[in-house]
Amino acid sequence: MEVDSPRSYYDGDRTMKARQNGIVQPLLTDLYQITMAYAYWKAEKIKDHAIFDLFFRKSPFQGEFTIFAGLEECLKFLQNFHYSDSDIEYLRTTLPSSIEPDFYHYLRHLTAKDVKVYAVEEGSVVFPRIPLLRVEGPLIVVQLLETTMLTLVNYASLMATNAARYRIAAGKQMTLLEFGLRRAQGPDGGLSASKYAYIGGFDGTSNVLAGKLFNIPVRGTHAHSYITSFTDFAELRTTKLKDCSTGQDVDLVVQCQEYREQLSHLLLNTDPNEASNGELAAMISFAIAFPQGFMALVDTYDVLRYLLAPPPLSGLLNFCAVALALNSLGYKAIGIRIDSGDLAYLSCKAREFFEIVAARYNLPWFAKLTIVASNDINEDTILSLNEQGHKIDCFGIGTHLVTCQRQPALGCVYKMVEINNKPKIKLSQDVAKVTMPGRKNVFRLYSADGHALIDLLQRSDEPEPKVGEKVLCRHPFQESKRAYVIPSRVEPLYKLYWNDGKLTAPLPDLQQVRQRVQDSLRTLRQDHKRNLNPTPYKVSVSKDLYSFMHDLWLQSAPIGELS
């Protein structure tokens, strides 16, 4: 009997098999896929050939675009698709006893070698009704792929889209860090969130394992618990730090207390004892551990305390004292993190203090210290902070990003559009759920200014649209909505990625997919990307596909009878 070997997420090997997520396997599916497979098998449909389209019906987050992600994971799944001995034994004990033994023998030897997958390039901007993947092959096999492929594409695309929207809201210059592991839907959700947030435009993650697996930059500071674990200077076991110039050990506590005394009068003209000694002790301890990378959380005991007099401060005063002491020994602090309060006001106040210190001590770099803001930030928070005016350099974003609270599911579907060369259409009283039958190709038509103008679905045997030639583009369902387009550029969206049991196109690495997202977004007009009331992007069908689809619709729809 075959023994199942553990499949690591990533062991440094660039082969897809080595990077396969161990939980992505044929049994990661809905039971009805396997019961349908048996019914197909029983009906002697083993040699039937089918085509399925994977697509979504509406862009998420009340927006007008989506980022396609998850393709690489789908291809890994195909490469490793097989039922192990233990899988078969489990199915024997789970499925009805009436299932014939030969079916299990058939499953045991099933692979994806006869499957073809055409897909849009991962990281591309995509729109409703455009098939992201076209999956062709033996009916039973391509049916069994449905649930797994949907789960691999749905969250990945939703997460990448969410991250891309945060990037658009924050702007190109803002650093964005994903801090969501502790809020994610389980360990695998946390890893996926880190990966696809990075693809969508985030700059790093707090998730150490994601950093190792996907080569994503990892970032972090410390928690409030580190600050509250100190009460006074007496708790410091070591207070010495080596001077970079002289090599001599210097008492950092003495230095920090002296600078705090100076700063309390310079910044606020108040008693330095208003600030917490425990907080200063904690910051000194952290600075001794990380003198070249000192960044401190400054709101444990309030960034500022609002009194009738000019506000004394704890976190900012203590941080500045430690930063100046480090500077005197040849080290440069990085900045602060604010995790509560009025982020716009506090960031402006912090920047003001940094600029005063920079001028007083002739340290220009001090004015540019990094200000990180966290605290339950979402897309609307960022837009509001932009309107208020702030001095934040970096957002650390967790819950709203990784859980996609604004819309927790994308709603991709996987529908049969052809079997044995016969086109199939799914009808519904809800027109949005009517499928587009047959084997299709997709083209993106560009205007003279370089922006994407319209996506065009065609039957696969139609000639491709050509630059400079008039193309009739029709709304799939509304007869009066049609327009001629003369494209300045035509982009075929499909590539053949899988055929004869192997990859047929090179896969980009994570950095390349990340760059593809930004390049693809740049092709959209700004009004398609705006947060409020974005302009819908047009997805059309060719004249031939329109006629073909509506003829089949009439043929397939039953004729009612009134009496």
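Where is D500 found? D500 sits in the loop between β21 (494-499) and β22 (502-503), where helices (H or I, at least four residues) and strands (E, at least two) are DSSP runs, numbered from the N terminus. Welcome to this predicted model, in which local features need pLDDT of at least 70, side-chain atom pairs count only at pLDDT 80 or more, and totals for chains, interfaces and linings use all residues. Residues are numbered from 1 along each chain as its sequence is written, and side-chain values use heavy atoms, with hydrogens and water left out.

- D500 has a phi near 55°, a positive value in a residue other than glycine.
- Most residues other than glycine have a negative phi.
- D500 is exposed, with a relative accessible area of 56%; here buried means under 20% relative accessible area, exposed over 50%, and partly exposed in between (1.4 Å probe, protein chains only).
- N533, in the loop between α17 (526-529) and β23, has a positive phi near 50°.
- N533 is exposed, with a relative accessible area of 58%.

**The largest pocket**

- About 760 Å³ of space lies in the largest pocket.
- On a 1 Å grid over the protein atoms alone, a pocket is an open set of points where a 1.4 Å probe fits, with protein on both sides within 12 Å along at least five of seven lines, and lining residues have an atom within 4 Å of a point.
- Grid points are joined across faces, edges and corners, and a volume is the space filled by probe spheres set on the points.
- Of the 28 lining residues, H475, P476, Y537, K538 and V539 are the closest to the centre of the largest pocket.
- At least two lining residues come from each of β17 (452-459), β18 (471-474), β19 (482-485) and β23 (538-541).
- The lining of the largest pocket holds 13 nonpolar, six polar and nine charged residues; Ala, Val, Leu, Ile, Met, Phe, Trp, Tyr, Cys and Pro count as nonpolar, Asp, Glu, Lys and Arg as charged, and the others, Gly among them, as polar.

**The second largest pocket and S374**

- The second largest pocket has a volume of about 610 Å³.
- Its lining has 23 residues, with F179, R182, R337, D339 and S374 nearest the centre.
- By class, this lining has six nonpolar, eleven polar and six charged residues.
- S374 lies in the loop between β12 (370-373) and α14 (379-388) and is buried, with a relative accessible area of 4%.
- The side chains of S374 and R337 are joined by a polar contact of 2.9 Å, meaning a pair of N or O atoms within 3.5 Å; within protein, one must be able to donate a hydrogen and the other to accept it, and residues adjacent in sequence count only if both atoms are side-chain atoms.

**A six-stranded sheet**

- An open sheet runs in the order β7-β6-β13-β12-β11-β10, with parallel pairing; two strands pair if DSSP finds at least two bridges between them.
- β7 (204-205) and β10 (295-297) stand at the edges with a single partner strand each, so one side of each has no neighbour in the sheet.
- β10 pairs with β11 (residues 335-338) in the parallel sense over three bridges, and R337 in β11 is the bridge partner of L297.

**An enclosed helix**

- Eight of the nine residues of α2 (residues 71-79) are buried, so this helix is largely enclosed by the rest of the structure.
- Among the buried residues of α2 are C74, L75 and F77.
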